Amino acid sequence: MISLRRSGLLAVTLPGLLLLAACGNNPSAEQTSTSAASAPADTAQTKSTAMPTSASFGKTTDGTEVQLYTLTNANGVKATITNYGGTLTSLLVPDKDGKLGDVILGFDNVSGYQSPEFLKAGPYFGALIGRYGNRIKGGKFTLEGKEYNLAKNNGPNSLHGGLKGFDKVVWQAEPGSSADGQSLKLTYVSKDGEEGYPGTLNVAVVYTLTADNALKIDYTATTDKATVVNLTNHAYFNLNHGAGKDVLNHEVTLPADRYTVVDATLIPTGELRPVKGTPFDFTTPHAIGERIAQVPGGYDHNWVLNTATGEHAAATVYDPATGRTLEVTTDQPGIQFYTGNFLDGTLKGKGGTVYGKHAGFCLETQHFPDSPNQPKFPSTELKPGETYHTVSTYKFGVRK
Ligand code: BGC
């Protein structure tokens, strides 16, 4: 069924497209927790065949009740995801002494994600990003001879899908369980013209928590008109979140010999510059804080991964304080490494943690920013009859 891989996007002819569109309604808390609730609590939590549990995450400002789903594996690792924005709100993983701790920045309920301060700051904690991850210059692009004008929400540019991107919509949710682990399938239909993008886009994102402590994110999309797509997740990691410290001591490796140089509004100039001899060289491990002062504003760039297709390494992170490690793999050609430069202490998250500058870092697997206006970058175009499909994995471990 897979017909071709074109321009870095997996193009598939899929008769089963209807499946995506036909995903069920968002089940209520009672419905989704049926199998977990009917089994003893501890069995539900430890058996990989058990379904994820769910509970209310509160009401959105327009009165819609949203859920928080908890995926658990046999090691006690837990991922919580809400269908508001498809947001990953917490991830409990062991440290070098086996102690579970949360490594994700976020809030305890949906109102945190909808507070005026959060919306003004626009950090997109843990959210699914679409239709287009990162910036599109001037909020416009031309496709098949037609110019499209997008919602501009970042100075002159469009960022992360516009004013109401996929991070701010309520997704349909379908909890599941398979030999791979517990999962949550989220679906959303983005209307033709939404935020200025052409084509009705049917999107499905499946989060799976695997037995080896990895959170796998599988993204699929189809369209009925030529459009552009670049989906990612915007989790902020801090492998020592509970300590309320910044991430400058975390050691990062990025298997990328080049990065995309940006202008003053963070739009790529088109130049792919070698990292060698610069503070952007993470081909060997470096603490985030080691050279960050040499990068005006901090790291907020797209690295050009040395391997562009097939599953490949995208990043490795090690926190010497807790011994926790994070390995990111993807099939995408780029990764946005962002060091929470715009966090300024105004947001208070889970457990009252104050999110100051560099309180977390993001590793957004993606196609390069502004690809729709950069003919030399791998294409982000999606045509009717093709299927956009990409998988990224965030795997946790420890180093003693
Ligand atoms: C962007 C940053 C932006 C952040 C939060 C990142 O993907 O590259 O410039 O501030 O998202 O919106």
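## The pockets

On a 1 Å grid laid over the protein atoms alone, a pocket is an open set of points with protein on both sides within 12 Å along at least five of seven lines, while a cavity is a set of points where a 1.4 Å probe fits but cannot get out. A residue counts as lining when it has an atom within 4 Å of a point. Grid points are joined across faces, edges and corners, and a volume is the space filled by probe spheres set on those points. With that in hand, the largest pocket here holds about 500 Å³ of space. It is lined by 30 residues, and A121, G122, P123, Y124 and L159 sit closest to its centre. Before going on, keep in mind that this is a predicted model: local features need pLDDT of at least 70, side-chain atom pairs count only at pLDDT 80 or more, and totals for chains, interfaces and linings use all residues. Residues are numbered from 1 along each chain as its sequence is written, and side-chain values use heavy atoms, with hydrogens and water left out.

Which helix gives the largest share of the lining of the largest pocket? That's helix α6 (residues 116-121), with 4 residues. Helices (H or I, at least four residues) and strands (E, at least two) are DSSP runs, numbered from the N terminus. Sorted by class, the lining of the largest pocket has 16 nonpolar, 8 polar and 6 charged residues. Here Ala, Val, Leu, Ile, Met, Phe, Trp, Tyr, Cys and Pro count as nonpolar, Asp, Glu, Lys and Arg as charged, and the others, Gly among them, as polar. The second largest pocket has a volume of about 210 Å³. Its lining includes T60, D62, Y84, K164 and K168, and divides into 4 nonpolar, 4 polar and 3 charged residues.

## Around the ligand

Of the 15 residues around the ligand, which come nearest? They are G122, R135, H234, D300 and E364. G122 is also one of the residues closest to the centre of the largest pocket.

Some of these residues make polar contacts, pairs of N or O atoms within 3.5 Å (within protein, one must be able to donate a hydrogen and the other to accept it, and residues adjacent in sequence count only if both atoms are side-chain atoms). G122 uses a polar backbone atom, 2.9 Å from an oxygen atom of the ligand. H234 uses a polar side-chain atom, which lies 2.7 Å from a ligand oxygen. For E364, an N or O atom in the side chain is 2.6 Å from an oxygen atom of the ligand.

## Salt bridges

How many salt bridges are there? The count comes to 5, taking a salt bridge as a side-chain nitrogen of Lys or Arg within 4 Å of a carboxyl oxygen of Asp or Glu. One of them joins D192 to K225, with the closest N and O atoms 2.8 Å apart. D192 lies in the loop between β14 (181-190) and β15 (201-209), and K225 in the loop between β16 (214-223) and β17 (227-228), so this pair ties together parts that are 33 residues apart in sequence. D192 is partly exposed at 39% relative accessibility, and K225 is partly exposed at 39%. For these labels, buried means under 20% relative accessible area, exposed means over 50%, and partly exposed is in between (1.4 Å probe, protein chains only).

R273 and E271 form another salt bridge, and their closest N and O atoms are 2.8 Å apart. R273 is partly exposed at 33%, and E271 is partly exposed at 34%. The side chains of E381 and K383 meet too, at 3.4 Å from N to O. Is E381 buried or exposed? At 19% relative accessibility, E381 counts as buried, whereas K383 is partly exposed at 29%.

Most residues other than glycine have a negative phi, and most peptide bonds are trans. Y124 is not a glycine, yet its phi is positive, about 60°. Y124 is found in the loop between α6 and β8 and is buried, with a relative accessible area of 8%. N134, not a glycine either, has a positive phi of about 70°. N134 is in the loop between β8 and β9 and counts as buried at 3%.

The peptide bond from G130 to R131 is cis, with omega near 0°. R131 lies in the loop between β8 (128-129) and β9 (135-136).

How values were computed:
A residue is near a molecule or strand if one of its heavy atoms lies within 4 Å of it.
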